[in-house]
Amino acid sequence: VYSRLCVLQEAVIEIEVIERNPPPRLADVFDHKDWVSGVHINTHYILTGSYDSTVRIWTHDGQMKCSAEGHTSPVKDVVWISSDASSSDSGRVLFASASQDQNVHIWSLAESTAEPQVEHLHTCKGHARSVESLAVNPSHDKLCSVSWDKMLKIWSAVPDDVMVDEVESEDQIALKRAKINSNQRRATTRTPLLTLQGHTQPVSTVVWPTGDEVLSAGMDHCIRIWDIVSGVNKSTLNGPKVFHCIHHSHLNSLVASANSDKLVRLWDTRAGESSMVQSALASHQGWVIAVQWAPNREHQLLSGSYDSSLKVWDIRSSKLPLFTITAHEGKVLCLDWTFPQLLASGGTDSKLRTFNFV
Amino acid sequence: MFTIRIYPLNGVFQDEGESGEEVGSGEEDEDESERFAKSWLEAEETDTSDEEEVRNTVGNIPLEWYDDYPHLGYDLDGKTISKPARRDELEEYLARMEDPAYWRTVRDKTTGREVVLTQQQMELVQRLQSSHFPEEGYDQYEPYVDFFSGEKMIHPLNDTVKPKSSFIPSRWEAKQVSRLVHAIKMGWLKPRTKSDRPKFYMLWGEGDKAEVGARHRMHIPAPKPPLPGHSESYNPPPEYLPTPSEVKQWEEEEEGERASFLPHKYCSLREVPGYQRFIQERFERCLDLYLCPRQRKMRVQVDPDDLIPKLPKPRDLRPFPTNETIVYEGHSGMVRCVDIEPLGQWVASGSEDGSVRVWEILTGRCVKTLSLPSPPHSLSFSPSPSFTLLAVAAGGVVYIMNHGMGDRLLVTSTDSRMSATETTPTAAEATPTTTTWEECTAAEKKLGFRLRIQHDMPVKEVVWHCKGDYLAALVAEESNTGVVIHQVSKRRSQKPFRSVKGVVQRIKFHPTRPLFFIATQTMVKVYDLAKQELVKKLQAGVKWISSIDIHPGGDNLILGGYDKRVCWFDLDLSSKPYRVIRQHKQAVRGVCYHPRYPLFASCSDDGCITICHGMVYDDLMENPLIVPVKVLRGHKPVNSLGVLEVVFHPHQPWLISAGADSTLRLYS
């Protein structure tokens, strides 16, 4: 009787426990001579591009290893082509830099020697205005650049000598070796493999998420998805504002975008043209200029704004960021979160700051 | 229940007189009214029974009428009743002395005889005199027997059985009904039509009614006198009562000047005396009403919101610049002029500190600083896509410089084309004497300057033609102004307008057609450059034009004035302003249209920039829609100068403003 009177109802409440991370701690400050406009981290080094037309390579603990000078105008973006020295056969790491002098330079960093040496391998000529952004394909052999001339250009990122090894004959290899040995090697000019036209306004940002798909966005307020094989603009997502930066997450396949307003917008490119913004993260006080997904966490992303702050977001809470870091005294221009434990951002106070984030 | 009984006194007295003492107690029980009726009905009978009875038959008339006659009237036989001989004084006296019944002897006026009242009659008289009922023993409180009560009886009074006819329908009624039905069928009987005449109506026509109606309608009620307040109460709260000093002051004041009423406290309403000033106040009120003629005020019942034109909401008109985004700092003097490169990556500004700076728009980076010998007044990027030229007007010189931004190939090709025209021999011939074209020195060339065009007067403004070959310069020295048009490719100058009346303020090329706009102080003149004639004159709605811009479509233009106004002209519509916008509190310094979006902006010395939505429709029948959407602040006025020039980004809804606080600001 008693049990009939008191009907016990059991409900299961699922409680999701999210581990609370300690806030990012300032690790190092890297002084530059001019504004820092591009940063990319790999396992050993930090690559930065600056408005003094120089590309610099730093170790993670703040020592400048070497610098590469060759651009004649401010560097706008830098990118490691091969992520690690061990992955490339010749014991060197390739990286590329894009500049307002309309060129993309491909450099190599020889790690094998005690003193790292930077070698200017190729100059990619073809853009008619300043090159704004670079992206490397997942197999690390192609490079995509976008520019103010409204075009995307795909370049080969494989150094000539490697290609030569595969194709050319023994004599020519000997000739090349002789050239290398005589140290008279000069950077060769490259022409684009493919030019993608379709943007009606300057293009400001590009990502290369999968082997044959490139996403680019710019001042015509839309994200265009390109098929590299056929060179066709597959689909277009129209946004409300100018895109400054987009980044694709390989964990959740969402695209985060930094627009010329205070929001970080999230897009699902798979849903086609009809579905627009998934959600918007609002907390910044100025233009959001850069955005990047966490390399190892599905829901987290980092955004940097002209209000001189960096914000770490969990996309499940769109109102409040997880952490807000006042990183710079001026505007934030670039940021990077390729290396999971290290956040980096460069700004108009000519400093690159790195933050440890566990 | 009272019963009023009327006694025919004559008859009674006669009865009494006839029956004398013998009429006694037997007759008293008889009902008076019965006796009264009997006395009339059986008049004959009584007459016959009593021979002594003398009856006057003149009726109920005043007997004074017979005063002058010897008789008193007529008896039943028609014979005169003679007045009996009256007793003289002595006889009267003797009778009074001797006759014991004298005091109850009265004279019957109708017969003139003397009647001695009986005991019964005396009692009656006495009862009447003492206001009692004349009938002795009459019980006015005897219980009332209600024979015909309102109570409905349930049982019949009699026990007869009702006839059958009272249960069956009447045959006669059926016959009547069938007759009526037949009459209705035949159409003889019709339902009574309701007469349209009102039940009550004006007998004497409608005119009166209209007049009365009009008078009622025009009735203006008198203004109501103010209602009495607490101080007029008979028992006012103590705070309304005057203090003794106030009372004294009130008493000292003149009658007309002081308040008419002094509050006074009474403990109860019973103690309130009559109001002394009542009549006087009524009179004053009447005077007020009489001396103050009333007038009907025709008030239009209009909701003020209805008068405001229906405009779309600003949030539906997006995009337009809303926030200050980037501040470009670096100039040390106020920034006078600003222009954006056609592709929208760079912005050039000229400042009072004598420098021209080129900035990267997106980051706020100053990429180039050029110093000039005199502060630049105006600068303009060449709109041509194949030249990378920037014209800067500083002092009396227009510098044509290759800014070196943008495509490297274009920069070099521009340089090569510029040096190619250098050798043209015709250049010197076509140039009028007032302007000289000079090649810049090597040091200047290194900075980017290519050509200098020397004028005889300071150059105030320089504008490019849309093709990028022609360049118009406005030269001005005090009130002496002129317009020079330069052709860069052939390096020659001409003055197509020999003398423009008035002081030229601004000049502008039409974006598509070969038209040239010259804004003088109060007028805009439109010249056709191909036909070389004046096409149109626009009467500016402002007192002193400060700035002009032409809609990219080419059919509308806006003017800004130093008298705080911005005027929109529709060139096809009229030579008067289509719309005047008064949004600024200070002189308007600059106006500009957006090349792509339906926006225009005006900046003013109060440090504000007003963004308006200005939609121009392709349909010629539709007028432009102008909605102010946003006021942008940010610039601080310095020396009563605020924002000096604004320019829209070529392909984004962004605005760059040049302020007197030596900054440029980007609003997005």
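Buried, as the word is used in these legends for a predicted model, means under 20% relative accessible area.

**View 1. An edge-to-face ring pair in chain A, Phe323(A) with Phe357(A).** A search of the whole structure finds 22 aromatic pairs over all chains. In the pair shown here, the ring centres of Phe323(A) and Phe357(A) are 5.6 Å apart and the planes stand at 80 degrees, so the arrangement is edge-to-face. The two residues, 34 apart along chain A, join distant parts of the chain, with Phe323(A) in strand E26 (residues 323-326) and Phe357(A) in the segment after strand E29 (351-356). Phe323(A) and Phe357(A) are both buried.

**View 2. An edge-to-face ring pair in chain B, Tyr328(B) with Trp359(B).** The rings of Tyr328(B) and Trp359(B) lie 5.7 Å from centre to centre, with 70 degrees between the planes. This pair, too, links distant parts of its chain, since Tyr328(B) belongs to strand E5 (residues 324-329) and Trp359(B) to strand E8 (residues 355-360), 31 residues apart. Tyr328(B) is buried, as is Trp359(B).

**View 3. An aromatic cluster in chain A.** Tyr45(A), Trp80(A), Phe95(A) and Trp107(A) are joined into a cluster by ring pairs.

**View 4. Arginine charges over aromatic rings in chain B.** Arg258(B) places its charged end over the ring of Trp250(B), at 3.9 Å from the ring centre. The charged end of Arg579(B) likewise sits over a ring, that of Tyr578(B), and lies 4.9 Å from its centre.

Notes: Residues numbered from 1 in each chain as written. Chains lettered and ligands numbered in written order. Predicted model: local features only at pLDDT ≥ 70, side-chain atom pairs only at ≥ 80, totals over all residues. Heavy atoms only, no water. Phe/Tyr/Trp six-rings, centres within 6.5 Å; stacked < 30°, edge-to-face > 60°. Helix = DSSP H or I, 4+ residues; strand = E, 2+ residues; numbered from the N terminus. Buried < 20%, exposed > 50% of the residue type's maximum accessible area, 1.4 Å probe, protein only. Lys NZ or Arg CZ within 6 Å of the ring centre and 35° of its normal.
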